[in-house]
Every structure is written in structure tokens, then in C-alpha cells.
Amino acid sequence: GALIYWQGDGERAFALYEEALVIYRRLGDEPRIAETLQSTAWAAVARGDLDAALERADQALDRYRELGDEAGIANVGAWLRVAPFVLGRSRDLEGALAAADEASEIDRRLGRMHDAADWAGSRAFILSTAGHPEALAAAKAAMALWDEIGNRGRLFLKLIAVIELRSGHPDRAARLGAAADRHQEELGGELAESMLRAGDPVEGARALLTPEAFAQAVEAGRRMTLEQATAYALEAPGDG
């Protein structure tokens with residue numbers, strides 16, 4: 001289910017998580033039931049069904065409370081406030097940011113750095129969704145944290161490309177978007193568009209550059225290794 005989810009197929013991932021849920025319930029494995037309910041909520045979002053996602057997340061939260069799982073309570077509780085904002089069903093920007101920051105702080109205290117990095121990414125998506133001027137800095141901070149813990153923040157290449165485009169840097173947007181496309185083609189895996197809501201920064205940059213400049217930017221982006229693309233994404237415009 002997780003592998004299919006990261007290929008962007010929310011329908012299939014949801015079905016696989018449902019199958020896992022039946023098995024864990026038969027085994028009476030309460031922690032896994034809670035985790036799978038939470039995963040099913042993500043898959044429901046990926047297939048565009050926020051109502052089902054919120055229902056499953058509520059069920060997961062109840063399970064985590066019964067288990068006394070502090071991290072689970074924090075993460076699902078925050079998710080219930082963040083997901084509606086990112087998906088356009090809430091306008092509570094401050095509430096969404098506060099939820100992400102609170103969950104990140106708890107995960108850091110518990111040594112759950114993967115989850116903390118996840119919430120740093122959520123903060124970037126929240127700010128990007130709101131068109132906030134701090135979105136670029138937040139996306140770079142999240143990418144740097146992922147890099148620090150040994151997990152290249154490949155998904156943030158596209159997000160940073162979108163923000164760069166909005167910020168008036170179409171050349172950087174084309175390079176980063178092309179790099180993201182290349183590595184998605186080679187490695188597979190992508191958030192569903194219903195969650196990423198990023199559009200196509202490469203095509204957006206095409207209209208703002210001369211044909212020659214656009215072709216050069218795309219070619220340069222597609223030549224970048226993941227390490228080079230990460231370093232380029234973390235630069236300030238004009239540094240490279």
C-alpha cells in the first residue's frame with residue numbers, strides 16, 4: 001500500500017490498506033490498526049476523498065488515545081487541522097501552521113526526526129497553498145532537514161520550482177522542474193496531484209522565457225544529479 005501510494009495511485013493504495021486493516025483486526029494488533037487507519041486517511045486524500053480521509057483519521061486518533069501513543073495523537077491531531085487547509089477546505093492558516101509546528105516539536109522531543117521533517121514539509125505546503133512570502137524559505141528549510149537525515153527531499157524540487165516561478169524566477173523554475181521530472185522518471189514515486197497541487201512549473205516557465213533560454217534551462221535541469229539539484233534548490237537566486 002505504501003509503495004503504491006508513493007506511485008501516486010490513491011485508489012489502489014486505499015484498497016491495499018483496507019486489506020491490511022482486515023488482517024490486523026483479525027490479529028488484534030491495535031498499534032498496526034491505528035497506523036493503518038492513519039495511512040488509509042492519506043490514501044483517501046490521494047484519491048480526492050477528504051470526507052473519508054477525515055473519518056479514518058478520527059478513527060486513528062481514537063485508537064492512538066486508547067493506546068496512549070503520544071506521537072500518534074500529536075501527528076493525527078495535527079493532520080486533521082492541516083489536511084483541510086492544504087486541500088482548500090479550510091482558511092485557518094494560523095491554525096494549520098500551529099498544528100504542524102506543535103506536532104514537529106513533539107516528534108523532535110521523542111527523537112522521531114522523520115516525522116519532524118515531514119511536518120517541516122507540511123509547513124512549506126501550507127505556506128505555498130496560502131501564497132505566503134515565507135513559503136520559499138520554509139520549503140528550503142524542509143529540504144535541508146530531509147537532506148540532513150539522509151533522505152533527499154526530491155519532492156521539494158517541484159514545490160520550490162513552483163514558488164520560484166511565482167517569485168519571478170522562471171529560469172530557476174524551469175531548471176528545478178526539469179530536474180524533478182527527470183528524477184521522477186528514473187526513480188518513480190510522486191505525491192498525488194490532489195495533494196501536491198503544484199501544477200507544472202516547467203510549462204509555466206516556458207511562457208516567460210525565450211525559446212532558447214527555456215531549452216537551455218530544461219537541458220541544464222535534466223543534467224543535474226539529485227545532489228546537484230538539491231544544492232541548486234537551496235541557493236539564493238544569483239548565487240549559482
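Residues are numbered from 1 along each chain as its sequence is written, and side-chain values use heavy atoms, with hydrogens and water left out. In this predicted model, local features need pLDDT of at least 70 and side-chain atom pairs count only at pLDDT 80 or more, whereas totals for chains, interfaces and linings use all residues.

Side chains of opposite charge can pair when their charged atoms come close. With a salt bridge taken as a side-chain nitrogen of Lys or Arg within 4 Å of a carboxyl oxygen of Asp or Glu, the count comes to 18 salt bridges. One of these joins Asp51 to Arg89, with the closest N and O atoms 2.9 Å apart. This pair links distant parts of the chain, since Asp51 lies in helix 4 and Arg89 in the loop between helix 5 (70–86) and helix 6 (93–109), 38 residues apart; helices here are DSSP runs (H or I, at least four residues), numbered from the N terminus. Arg89 has a relative accessible area of 51% and is therefore exposed, where buried means under 20% relative accessible area, exposed over 50%, and partly exposed in between (1.4 Å probe, protein chains only).

A salt bridge is also formed between Glu185 and Arg222, whose closest N and O atoms are 2.7 Å apart. Glu185 belongs to helix 10 (residues 170–187) and Arg222 to helix 13 (residues 211–223), so the pair ties together parts that are 37 residues apart in sequence. Glu185 is exposed, with a relative accessible area of 55%, while Arg222, at 34% relative accessibility, counts as partly exposed. In the salt bridge between Glu164 and Arg172, the closest N and O atoms are 2.7 Å apart, and both Glu164 and Arg172 are buried. Elsewhere, Glu11, Arg47 and Asp49 are linked in a network of salt bridges.

Arg172 is also among the residues touched by Lys140, together with Ile160, Ala233, Leu234, Glu235 and Ala236, when residues up to four places away in sequence are not counted; contact means heavy atoms within 4.5 Å. Lys140 is placed in helix 8 (residues 135–148) and, because its relative accessible area is 16%, is classed as buried. The C-alpha atoms of Lys140 and Ala60, 80 residues apart along the chain, are separated by 31 Å.

Helix 4 (residues 50–67) contains Asp62, which counts as partly exposed at 42% relative accessibility. Asp62 gathers with Glu55, Asp58 and Glu66 in a patch of negative charge on the surface, patches of this kind being made of residues with over 30% relative accessible area and no salt bridge, with like charges joined within 9 Å. Arg56 is likewise found in helix 4, but this residue is buried, with a relative accessible area of 15%. Leaving aside neighbours within four places in sequence, Arg56 is in contact with Phe14, Glu18, Leu21, Leu37, Thr40 and Ala41.

In helix 6, Leu93 counts as buried at 18% relative accessibility. With residues up to four places away in sequence not counted, Leu93 touches Phe85, Ile126, Ala130 and His132. Leu93 and Ala130 are 37 residues apart in sequence and 7.5 Å apart in space, C-alpha to C-alpha.

Technical notes: Patch = residues over 30% accessible without salt bridge, like charges linked within 9 Å, V, L, I, M, F, W, Y side chains within 5 Å. Areas by Shrake-Rupley, 256 points an atom, 1.4 Å probe, with all protein chains shown as cover. Lys, Arg positive; Asp, Glu negative; His and termini not counted. Charge placed at Lys NZ, Arg CZ, Asp CG, Glu CD. Helix = DSSP H or I, 4+ residues; strand = E, 2+ residues; numbered from the N terminus.
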